[in-house]
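Here's a quick tour of one model, going from its inside to its surface and back. Have the viewer open as you read.

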Amino acid sequence: MADHRQDNGLSMEEYFNEGLTEEPEMANPFEPVKKETHLAAKKRSLFRKSGAKDGKADKNRLKRLGIAAGGIAAVILFISLAVFFAHRRNDGVRHTEKFAKLLGQPMATAQSSGSLDVSGKSAYSAVTGMMPDGAYAAESRRKCKVEGVYLPEWSIVLTPDAEKLGAVTYYHYELLEDDMLGKKRKSYLDPASVPQGGDPARTEDALGLDPYSISYRSDGTQVRTYRYYFVDGETKDCTSYIITATWNASGVLTGISDQRYDYIGKILQPES
């Protein structure tokens, strides 16, 4: 009997040859699941930990950058404030230098310069009492207290010379607020040890003192005074000195000397 095939039929052999066996084989539900080896588990754990560490490291890095940026901003702010307050402290010197440029001009020009209010008397009686006749004063709006007496932190005295501005003198009263004798030093300062020919900055660096007064004269000279005191090693007495230094019109130190300030003698001396 002859074998007959349908056109669409497949034999068992053709069934497998046509690629049916290329389909993925279904998993055997009765086959035991292979357990993950210890090494593979360890690698996977390390991989997860590494990812966690990387994320944590990124967060820490950002945190450190934020702290560093904040620190830099704080330093910049501190420097800006220091410069600002240093500038404010030097207001008196700056205004004095402006007035000094008007030396030799009519007093009316200095009075109307507009940089500061200029008056024939100070708001403080102690300052008014030391002003020369015909002089004018400009002073700080801030005040200090020296030995129980209120004074401006600084004042500028404009002294006339035949209707013209003859001298401009700056007084820094705030330097005497802690002690009327000036700055405390360890021992005597010998003016001869200061090199001649230097400018005011070099001289003051050598002395370690700030000027109590600065006076500009019409001939171009400049005179600065310094106050300090120390405790004498032998007598144990407080000893005070005033140093006076002079610069010529070229800004060269031409002379420096000192004088002992006998403050106790003036206190103890009876009125004549």
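Arg94 is partly exposed, because its relative accessible area is 28%. Keep in mind that this is a predicted model. The partner of Arg94 is Asp91, and the closest N and O atoms of this salt bridge are 2.8 Å apart. Both residues sit in helix α3, 3 residues apart, or about one turn of the helix. Asp91 has a relative accessible area of 11%, so this residue is buried.

How many salt bridges are there? The count comes to 3. As background, side chains of opposite charge can pair when their charged atoms come close. Here are the bridges, with the N to O distance for each.

| Salt bridge | Closest N and O atoms |
|---|---|
| Asp91 and Arg94 | 2.8 Å |
| Arg224 and Glu204 | 2.6 Å |

Glu153 counts as buried because its relative accessibility is 13%, and Arg142 counts as partly exposed because its value is 30%.

Then there's Arg224, which forms a salt bridge with Glu204. These two also link distant parts of the chain, with Arg224 in strand β8 and Glu204 in helix α6 (residues 200–207), 20 residues apart. Arg224 has a relative accessible area of 10%, so this residue is buried. Glu204 comes in at 14%, so it is buried as well.

Now for the nonpolar inside. In soluble globular proteins, nonpolar side chains tend to be buried together. The largest nonpolar core here has 16 residues, and the members touching the most other members are Phe99, Leu116, Ile156, Leu158, Leu165 and Val168. Helices α3 (91–100) and α4 (107–111) each supply at least two residues of this core, and so do strands β4 (155–161), β5 (164–171) and β7 (213–217). Which strand gives the most? That's β5, with 3 residues.

Beyond its neighbours within four places in sequence, Leu158 is in contact with Phe99, Met107, Ala110, Val118, Ala135, Tyr136, Leu165, Ala167 and Val168.

On to the aromatics. The whole structure holds 8 aromatic pairs. One of them is Phe230 with Tyr241: the ring centres are 6.3 Å apart and the planes are at 10°, so the pair is stacked. Phe230 belongs to strand β8 (residues 222–231) and Tyr241 to strand β9 (residues 238–247), so the pair ties together parts that are 11 residues apart in sequence. Both residues are buried. Together with Tyr188 and Tyr228, Phe230 and Tyr241 make up one aromatic cluster.

Buried or exposed: which is Leu176? Its relative accessible area is 7%, so Leu176 is buried, even though this residue is found in the loop between β5 and β6 (183–184). Leaving out residues up to four places away in sequence, Leu176 touches Val146, Gly182, Tyr212 and Arg227.

Two backbone spots deserve a look. Most residues other than glycine have a negative phi, and most peptide bonds are trans. Glu147 has a positive phi of about 50° although it is not a glycine, and its place is in the loop between β2 and β3. Glu147 counts as exposed because its relative accessibility is 57%. Ala162, also not a glycine, has a positive phi of about 55° and lies in the loop between β4 and β5. With a relative accessible area of 67%, Ala162 is exposed.

Ile264, Ile267 and Leu268 make a nonpolar surface patch of about 320 Å². Ile264 lies in helix α7 (residues 263–268), and this residue counts as partly exposed because its relative accessibility is 42%.

How values were computed: Residues numbered from 1 in each chain as written. Predicted model: local features only at pLDDT ≥ 70, side-chain atom pairs only at ≥ 80, totals over all residues. Heavy atoms only, no water. Core = buried A, V, L, I, M, F, W, Y, C linked by side-chain atoms within 4.5 Å. Buried < 20%, exposed > 50% of the residue type's maximum accessible area, 1.4 Å probe, protein only. Helix = DSSP H or I, 4+ residues; strand = E, 2+ residues; numbered from the N terminus. Contact = heavy atoms within 4.5 Å. Patch = residues over 30% accessible without salt bridge, like charges linked within 9 Å, V, L, I, M, F, W, Y side chains within 5 Å. Areas by Shrake-Rupley, 256 points an atom, 1.4 Å probe, with all protein chains shown as cover. Salt bridge = Lys/Arg side-chain N within 4 Å of Asp/Glu carboxyl O. Phe/Tyr/Trp six-rings, centres within 6.5 Å; stacked < 30°, edge-to-face > 60°.
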